[in-house]
Amino acid sequence: MKNLIIKSVGAFINVTAFLFPKWNLNNSFKILSKVKRAGISEKGKEFLNKADQTFFELEGQSSVLYKWGNGPKKVLFLHGWLSNSQRWLPYYDKLDLTKHTMYALDAPGHGMSKTDTLNLEMYRQAIVETINRIGTIDTVICHSFSNTALTYAYLVNNEISINKIVIMGAPSGIDAIFMYFKEMLGLSKKAINILDKKINEILVLPHKEILVEKLITQTPQQKLVIHDKGDLITPYAPIKSAIEKNPKLETLITTGLKHDLKSEEVYDRVITFIDTSYSTQTTNSPKQKLKQELIINS
């Protein structure tokens, strides 16, 4: 039944793309931006209720910022599509909250947020607002779609204050997300072309420029990349190619964990990376070095 509903949505988008392209331009993107909210378990609710919770709205879209602890190092966790902040419970159990303050964001349409829509521009705005509220982040941990959102935020403004980044289960870019929708919904080439046009109307940058490879290879922060070879949602091949271009990266490449990347090995490696002191390795600040690299690569 679930697959039938999904294919029916795809068929509707394909038909309207052919018969009513102007209507499709304005509405198919809205349909695909609607979030089927993932549930929160009782254990997850207990975890989230331990936090200080801040609800905020940007352009009518609701987000929730959670905070645990009061340690000097600030750590921010960002979830992916159809997820929420309860996925970070295993990290909460391992993180020393006398040394760290742990933050997590429920993006618009997810978790305990009050709206039901998310797109890349909404997520970028929510991330920027979150960092503005928190201040300099020692480590940001991204999973799945949030890697694309953080990449986009950096490309729009490379002054974001983050020292270290964990990149987990990252899609290569928006094209990979389009391919996911195409395969899941059976979207036609015409429907994809209309989506391509619509998303470029919404974003500040052309979507083809928003590649996670740029986050991996062109930013100066210390980075840990975690990916599973058998990930069918965000394939490993383009991430492997990006990793090979940056020999200074720390990596953890797994087998059998798929896209979720839930295991004690992953949790422990992330905590170790968080606990490692930040080092610039040069006399340049991260912002200065990033500007130099962007100039070199422009």
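Biologist: Why does glutamate 59 count as exposed?

Modeller: Its relative accessibility is 70%. Exposed means over 50% relative accessible area, buried means under 20%, and partly exposed is in between, with a 1.4 Å probe and protein chains only. So 70% puts glutamate 59 in the exposed class.

Biologist: What should I know about the source?

Modeller: This is a predicted model, where local features need pLDDT of at least 70, side-chain atom pairs count only at pLDDT 80 or more, and totals for chains, interfaces and linings use all residues. Residues are numbered from 1 along each chain as its sequence is written, and side-chain values use heavy atoms, with hydrogens and water left out.

Biologist: What makes β1 and β2 a pair?

Modeller: Two strands pair if DSSP finds at least two bridges between them. Strand β1 (residues 52-58) and strand β2 (residues 61-68) have seven, in the antiparallel sense. So they pass. Leucine 58 has glutamine 61 in β2 as its bridge partner. The two strands form a hairpin with two residues between them. Glutamate 59 lies in that loop. Its phi is positive, about 50°, although it is not a glycine.

Biologist: How are the strands and helices assigned, and how many are there?

Modeller: They are DSSP runs, numbered from the N terminus: helices are H or I with at least four residues, strands are E with at least two. The protein chain has 12 helices and eight strands.

Biologist: Why is the chain called as compact as a globular protein of that length?

Modeller: The globule rule is 2.2 Å times the number of residues to the power 0.38, and the radius of gyration is taken over C-alpha atoms. For 298 residues the rule gives 19 Å, and the radius of gyration of the protein chain is 19 Å, so the description holds. Along its principal axes the C-alpha trace spans about 60 × 50 × 40 Å. Of the 298 residues, 52% count as buried.

Biologist: What makes β6 largely enclosed?

Modeller: Seven of the seven residues of strand β6 (residues 162-168) are buried, so the rest of the structure largely encloses this strand. Strand β5 (residues 137-143) pairs with β6 in the parallel sense over six bridges. Histidine 143 has methionine 168 in β6 as its bridge partner.

Biologist: Is serine 144 buried or exposed?

Modeller: Buried, because its relative accessible area is 11%. Serine 144 lies in the loop between β5 and α6 (145-156). Its phi is near 60°, a positive value in a residue other than glycine.

Biologist: How do you know that valine 35 is buried?

Modeller: Its relative accessible area is 12%, so it falls below the buried limit. Valine 35 lies in the loop between α2 (21-33) and α3 (42-49). Leaving aside neighbours within four places in sequence, valine 35 is in contact (heavy atoms within 4.5 Å) with residues including Trp81, His110 and Leu118.

Biologist: And what makes lysine 229 exposed?

Modeller: A relative accessible area of 53%, so lysine 229 passes the exposed limit. Lysine 229 is found in the loop between β7 (222-228) and α10 (236-244). Beyond neighbours within four places in sequence, lysine 229 is in contact with Tyr236, Ile253, Thr254 and Thr255.
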